[in-house]
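Student: I would like a close look at one part of this model. Please take me through the aromatic residues and what surrounds them.

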Amino acid sequence: MSAGVTRLTLVSHGMTEAMRAARFPADEPIEQHARGIAADTAALRGDAVRIGPEVRAAQTAALLGLSGSVDPALRDLDCGQWAGIAMDALAPAELMAWMSDPGYRGHGGESITDVLDRVRGWLDTRAADGQRIVAVTHPAVVRASVLTALSAPPESFWRIDIPPLSATALHGRGTTWTVRHTALPV
């Protein structure tokens, strides 16, 4: 490994009932069938493992045979009062505002720009580590990481599809990140 290059593999947690039912996430577990999936974890070796604080992130890490420290910066998008509610239960204008305005906070939680700022700060602290880091986290955090690496506008957030149990690799040097590749190793 070259000195000063951080290799970051972001792993999206396994499928949850909330994802399948198009509900805003609460702190739910991964689905039972996801727990039986055999994974090729060779690509997920690292010097450090960081895990989002939610149950679904911890269960996914365990499924992959990874142990590490919980990192609050890797938490999912806070949906505020919408947590656990089906998307189709919202007024169409509310849902459209949330999907189209990156600064929207009408649900009492985080806006997309809040998540981008949080993740950008986390990436800035990791870029100079010079380590191989595996982070088990959420689609929102992976999207925010990719947007940060590409200097893409916040309006692009919902245009990146991050499937459950997928891995996205970034390489960092200084405060600059490169999207190295996207893989589905699991």
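Which residue has its charged end over the ring of F157, and how far is that end from the ring centre?

Tutor: R143 does. Its charged end sits 5.4 Å from the centre of the F157 ring. Bear in mind that this is a predicted model.

Start with the ring itself. F157 belongs to a cluster linked by ring pairs, together with F24, W82, W98, Y104 and W158. The structure holds six aromatic pairs. One of them joins F24 and W98. The geometry is edge-to-face: the centres are 4.9 Å apart, and the planes are at 70°. Edge-to-face requires an angle over 60 degrees. Both F24 and W98 are buried. Now place them in the chain. F24 lies in the loop between α1 (17-20) and β2 (48-51), while W98 is in helix α3 (residues 92-100).

R143 is one of the buried residues of α5. That helix covers residues 139-150. Of its 12 residues, 11 are buried, so α5 is largely enclosed by the rest of the structure. The buried set runs from P139 and A140 through to T148 and A149, and also includes V141, V142 and L147. The helix length checks out too. At 1.5 Å a residue, α5 should span 16 Å, and its end C-alpha atoms are 16 Å apart. After α5 comes S151, with a positive phi near 50°.

D76 lies in the loop between β3 (69-70) and α3. Its relative accessible area is 10%, under the 20% cut-off, so D76 counts as buried. The side chains of D76 and R56 make a polar contact at 2.7 Å.

Finally, the wider setting. The chain has five helices and six strands. Their order from the N terminus is β-α-β-α-β-α-α-β-α-β-β. Buried residues make up 46% of the 186 residues. Among contacts with a separation of 6 or more, 67% are between residues 24 or more positions apart. The accessible surface comes to about 8,500 Å², and carbon and sulfur atoms account for 53% of it.

Technical notes:
Residues are numbered from 1 along each chain as its sequence is written. This is a predicted model: local features need pLDDT of at least 70, side-chain atom pairs count only at pLDDT 80 or more; totals for chains, interfaces and linings use all residues. Side-chain values use heavy atoms; hydrogens and water are left out. Helices (H or I, at least four residues) and strands (E, at least two) are DSSP runs, numbered from the N terminus. Buried means under 20% relative accessible area, exposed over 50%, partly exposed in between (1.4 Å probe, protein chains only). Contact means heavy atoms within 4.5 Å. Accessible areas come from the Shrake-Rupley method with a 1.4 Å probe; for residues, only the protein chains shown count as cover. Rings of Phe, Tyr and Trp (its six-membered ring) pair if their centres lie within 6.5 Å; planes under 30 degrees apart count as stacked, over 60 as edge-to-face and the rest as tilted. A charge sits over a ring if NZ of Lys or CZ of Arg is within 6 Å of the ring centre and within 35 degrees of the ring normal. A polar contact is a pair of N or O atoms within 3.5 Å; within protein, one must be able to donate a hydrogen and the other to accept it, and residues adjacent in sequence count only if both atoms are side-chain atoms. The expected span of a helix is 1.5 Å times one less than its number of residues.
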